[in-house]
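The entries follow the order in which I looked.

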Amino acid sequence: MRVVVGLLLLLLGLCGSGAQGEAGGLGEVAEINQNTDPKHAAEESTEQTTKQTTCDIWTELRALRDMVVELNVHVELLQRENSDLQTRLSSSESELLISKSRIDQLERENAEKPKVAFYAALTDARTLGPYNTDITLKYSKVFTNIGNAYNPSTGFFTAPVKGVYNLQITVMGYDAGTIGVYVFKNNQRIMANWESNTDVIPEYFTKSLVLELKAGDEIHLVLPSGQSIYDDLNNYSTFSGSLLFTL
């Protein structure tokens, strides 16, 4: 019995020592925790700083993202503008090519188109006529004869191509009684003009004709019998013509 009681007391003593040990251990843990509080605070501060830095990075990234989106929009606008410019440039180049082609065509047509123009004065002999018969006037002083359609030896203008021609005559008289001229087409008279001139004051008249002529048609001027015409170095009496357009 005494042995059992002794063992019980021993166990109770050991439990008390264990409780004290545990209390002492807990005190040590509390003391250790108290000793490590500054480090824990530093860690918490570092964590707070890290969180703040992370937030700042995300803010910057969002700002960069917005900037990239804005730049992409700007680039798209520039690309559309560039596309529009390219389209207009291509259109302008096409129009330029069409215009150049048309100009080349007109130049070819102009180069192929017959060029006809002449201008001649009558004589330096002063007064011609009056005569007892009609005479063909030969305008011998040739100043222009593009196409060589006018022949000063005969006084005839010969149409080289079918077309519309403008012809003009100027007649002067000086104390000549009556001045006049006939216009013939292929030996058929198509116009007659005259004026009275009975004093020393010069008399003029000018006539223009627009005629449709076939290739080979001839035009010449005739001084009617009993009438006269005057010319000298000043080239008062003239005969001229030109091709307006072909037919």
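Predicted model: local features only at pLDDT ≥ 70, side-chain atom pairs only at ≥ 80, totals over all residues.

Residues are numbered from 1 along each chain as its sequence is written, and side-chain values use heavy atoms, with hydrogens and water left out.

Next I looked up the aromatic pairs, of which the structure holds 10; rings of Phe, Tyr and Trp (its six-membered ring) pair if their centres lie within 6.5 Å, and planes under 30 degrees apart count as stacked, over 60 as edge-to-face and the rest as tilted. The ring centres of F118 and F239 are 5.0 Å apart with the planes at 80°, so I logged this pair as edge-to-face. It links distant parts of the chain, since F118 sits in strand β1 and F239 in strand β13, 121 residues apart. Both belong to one aromatic cluster, together with Y139, Y150, F157 and Y165.

I then checked the strands, which are DSSP runs of E of at least two residues, numbered from the N terminus, helices being runs of H or I of at least four. The chain has two helices and 13 strands. Strands count as paired if DSSP finds at least two bridges between them. β1 (residues 117-121) runs antiparallel to β13 (residues 238-246) over five bridges, with A117 bridged to S242, and β1 also pairs in the antiparallel sense with β4 (residues 141-146) over five bridges, where Y119 has T144 as its partner.

For the core, I noted that the largest nonpolar one has 29 residues, F239 being among those with the most contacts inside it; such a core is a set of buried Ala, Val, Leu, Ile, Met, Phe, Trp, Tyr and Cys residues joined through side-chain atoms within 4.5 Å. β1 and β13 are among the elements that give it two or more residues.

My last entry concerns D231, which lies in strand β12 (residues 229-231) and counts as buried because its relative accessibility is 0%. Its side chain reaches the backbone nitrogen of L122 at 3.0 Å.

How values were computed
Buried < 20%, exposed > 50% of the residue type's maximum accessible area, 1.4 Å probe, protein only. Polar contact = N/O pair within 3.5 Å; in protein donor to acceptor, adjacent residues only side chain to side chain.
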